[in-house]
Amino acid sequence: MDATAIQFKGGGFTLSVLSLAGSDLTSLQHQLSTHIQRAPKLFAQMPVVLELNRLCASISVTAVIDMARSAGLAPMALQADQHAHQQQAADIGLPLFKHGRSQTNKIVPARVIERPIRSGQQIYAEGGDLIVLGAVGAGAEVVADGNIHIFGAMRGRAFAGANGMTDARIFCHNQQAELLSIAGTYQLTDQIAAEYWAKPVMLTLQDQQLIHQPLQFGKN
């Protein structure tokens, strides 16, 4: 028997988190459908973690899973504080994720990518910042637990603060992104104001909203 036929390997895969709140499942379905319709190809079969910490306990996990699947998403695991949701997840064999990794003061060197990142590729900087000297193509993903710096044209998807770091930032010298996200709060192309399109910008997260600011170089 080939001793290498089965291997357990570490991976740098990143899952998006679908955070749900409230007690009205019909309203949640409508809001989710509205989000999906903005970029159906982007969300098609997207693996997600269902985060139900603010969802009413009377809404069952199976109902949420059915809603996500009917929207074209692929639920992979659950985050839930309420015992009822945790028990339901255990009953149907859905993995239960703990909250994101706690932040520490450990300094991790930034990951520097000197080549362009092409469609279908994903680059992940675990525990630190990501610096991309080239362009990020449409359909490509850049992910970092810290900040993200893109020196070329940014046409793909950027996920900063992937471990929940809410003060992470995204710096783009030419912002034409499909999706921008900081600590799970995201914007799609059609939500980005025209004044920031194809311009150098910095993104921050303030009061659960992404804020765009122009980047100015060489000025005091």
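Visitor: How many salt bridges does the structure hold?

Guide: The structure, which is a predicted model, holds 2 salt bridges. One of them is formed by the side chains of Arg-157 and Glu-141, at 3.1 Å from N to O. Arg-157 counts as buried because its relative accessibility is 16%, under the 20% cut-off. Glu-141, at 18% relative accessibility, likewise counts as buried.

The side chain of Arg-157 also meets that of Glu-178 in a salt bridge, with an N to O distance of 3.4 Å. Here too, distant parts of the chain are linked: Glu-178 lies in the loop between strand E10 (170–175) and strand E11 (179–182), 21 residues apart from Arg-157 in strand E9. Glu-178 is partly exposed, its relative accessible area being 25%. Through shared partners, the salt bridges join Glu-141, Arg-157 and Glu-178 into one network.

Of its 220 residues, 40% count as buried, Arg-157 and Glu-141 being among them. Among contacts with a separation of 6 or more, 38% are accounted for by residues 24 or more positions apart. The chain exposes about 12,600 Å², of which carbon and sulfur atoms supply 51%.

Key
Residues are numbered from 1 along each chain as its sequence is written. This is a predicted model: local features need pLDDT of at least 70, side-chain atom pairs count only at pLDDT 80 or more; totals for chains, interfaces and linings use all residues. Side-chain values use heavy atoms; hydrogens and water are left out. Buried means under 20% relative accessible area, exposed over 50%, partly exposed in between (1.4 Å probe, protein chains only). Contact means heavy atoms within 4.5 Å. Accessible areas come from the Shrake-Rupley method with a 1.4 Å probe; for residues, only the protein chains shown count as cover. A salt bridge is a side-chain nitrogen of Lys or Arg within 4 Å of a carboxyl oxygen of Asp or Glu. Helices (H or I, at least four residues) and strands (E, at least two) are DSSP runs, numbered from the N terminus.
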